[in-house]
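Biologist: I have the model open and would like to go through it with you. Where should we start?

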Amino acid sequence: MSLGSQKIFDAFNQQVGNEMGASMQYIQIAAYFDGEGLGGLARFFYRQSDEERDHAMKFVNFVVDAGGPLRIPQIVEPRSEFSSAADAVQAALDWEREVTAQIYGLVDIGKEESNYIALRFLDWFVEEQFEEVTTMEELLQVVQRAGDDNLLAVEEYLSREGMLPERPAENGAE
Ligand SMILES: [Fe+2]
Ligand SMILES: [Fe+2]
């Protein structure tokens, strides 16, 4: 049984690509911080990347479960050059704002089509985007306030606030 129109499946497939694009963008941002010797910020963004892949998989599972054809679109090449920590975090914030607009667009389609199951599914993403935008805004503020010479203080802040993932045991054993 198909629980969606072609239009909604097309839009959901596009969102699989958008979330995978976000995942790749976060790998680039993490690599930038790794290159700057900021392992904590790198870990923060590698974890963000994993989360974006999970988001993509939620859309994949919805499309498959709802009986639609899965068609992953071409993924846009992520940005790979950043001039500063603030520039890299700003790129992340811009992404999250863009994804929020994309999710709202999907909600609009769900409403147009009275697709209540899709709307329920999308509710989780509406809340998630609110959290993600808020987190990136906070991180950008902290990075800007610290300045380029004080980024270790940013990592300490993230650690204190419980925003840093644990260092993996295999390369973090001390
Ligand atoms: Fe996402
Ligand atoms: Fe996100």
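Modeller: Start with the fold: this is a predicted model, and the protein has six helices and zero strands.

Biologist: What pattern does the protein follow along the sequence?

Modeller: The pattern reads α-α-α-α-α-α. The C-alpha trace spans about 55 × 30 × 30 Å along its principal axes.

Biologist: How many of the residues count as buried?

Modeller: Of the 174 residues, 30% count as buried. As for contacts with a separation of 6 or more, 77% are between residues 24 or more positions apart.

Biologist: Which residues have the most contacts inside the largest nonpolar core?

Modeller: Those are F12, I29, F33, F45, A88, V89 and A92, in a core of 36 residues. At least two residues of this core come from each of helix 1, helix 2, helix 3, helix 4 and helix 5. Helix 1 supplies the largest share, eleven residues. In soluble globular proteins, nonpolar side chains tend to be buried together.

Biologist: Take I29. What does I29 touch?

Modeller: Leaving out residues up to four places away in sequence, I29 touches F45, A88, A91 and A92.

Biologist: On to helix 4. How far apart are its end C-alpha atoms?

Modeller: They are 45 Å apart. Helix 4 has 31 residues, 116-146, so at 1.5 Å a residue it should span 45 Å, and the two agree.

Biologist: Where does helix 4 bend?

Modeller: At L122, by about 25 degrees. L122 is also one of the buried residues of helix 4.

Biologist: At what angle do helix 4 and helix 5 pack?

Modeller: About 145 degrees, with the axes 8 Å apart. The crossing of the two is right-handed. On the helix 4 side V142, V143 and A146 take part, and they meet L151, A153, V154 and Y157 in helix 5.

Biologist: What follows helix 4?

Modeller: G147 does, and its phi is positive, near 80 degrees.

Biologist: Which residue has a positive phi although it is not a glycine?

Modeller: S114 has one, at about 45 degrees. S114 is in the loop between helix 3 and helix 4.

Biologist: Is S114 buried or exposed?

Modeller: Exposed, because S114 has 8 other C-beta atoms within 10 Å, and 12 or fewer counts as exposed.

Biologist: Back into helix 4, then. What about L119?

Modeller: L119 lies in helix 4. L119 has 16 other C-beta atoms within 10 Å, so it is partly exposed. Not counting residues up to four places away in sequence, L119 touches V107, G110 and K111.

Biologist: How far is L119 from Q90 in space?

Modeller: They are 30 Å apart, C-alpha to C-alpha, and 29 residues apart in sequence.

Biologist: One more residue, D54. Where is the place of D54?

Modeller: D54 is in helix 2. D54 counts as exposed because it has 11 C-beta neighbours inside 10 Å.

Conventions: Residues are numbered from 1 along each chain as its sequence is written. Chains are lettered from A and ligands numbered from 1 in the order in which they are written. This is a predicted model: local features need pLDDT of at least 70, side-chain atom pairs count only at pLDDT 80 or more; totals for chains, interfaces and linings use all residues. Helices (H or I, at least four residues) and strands (E, at least two) are DSSP runs, numbered from the N terminus. The expected span of a helix is 1.5 Å times one less than its number of residues. The bend at a residue is the angle between axes fitted to the seven residues ending there and the seven starting there. A residue is buried if 20 or more other C-beta atoms lie within 10 Å of its own, exposed if 12 or fewer, and partly exposed in between; C-beta atoms are placed from the backbone. A nonpolar core is a set of buried Ala, Val, Leu, Ile, Met, Phe, Trp, Tyr and Cys residues joined through C-beta atoms within 7 Å. Two residues are in contact if their C-beta atoms, placed from the backbone, lie within 7 Å. Axes are lines fitted to C-alpha atoms, for helices over the stretch in contact, and angles run from 0 to 180 degrees between N-to-C directions. A crossing is left-handed if the near helix is turned anticlockwise from the far one by less than a right angle, and right-handed if clockwise.
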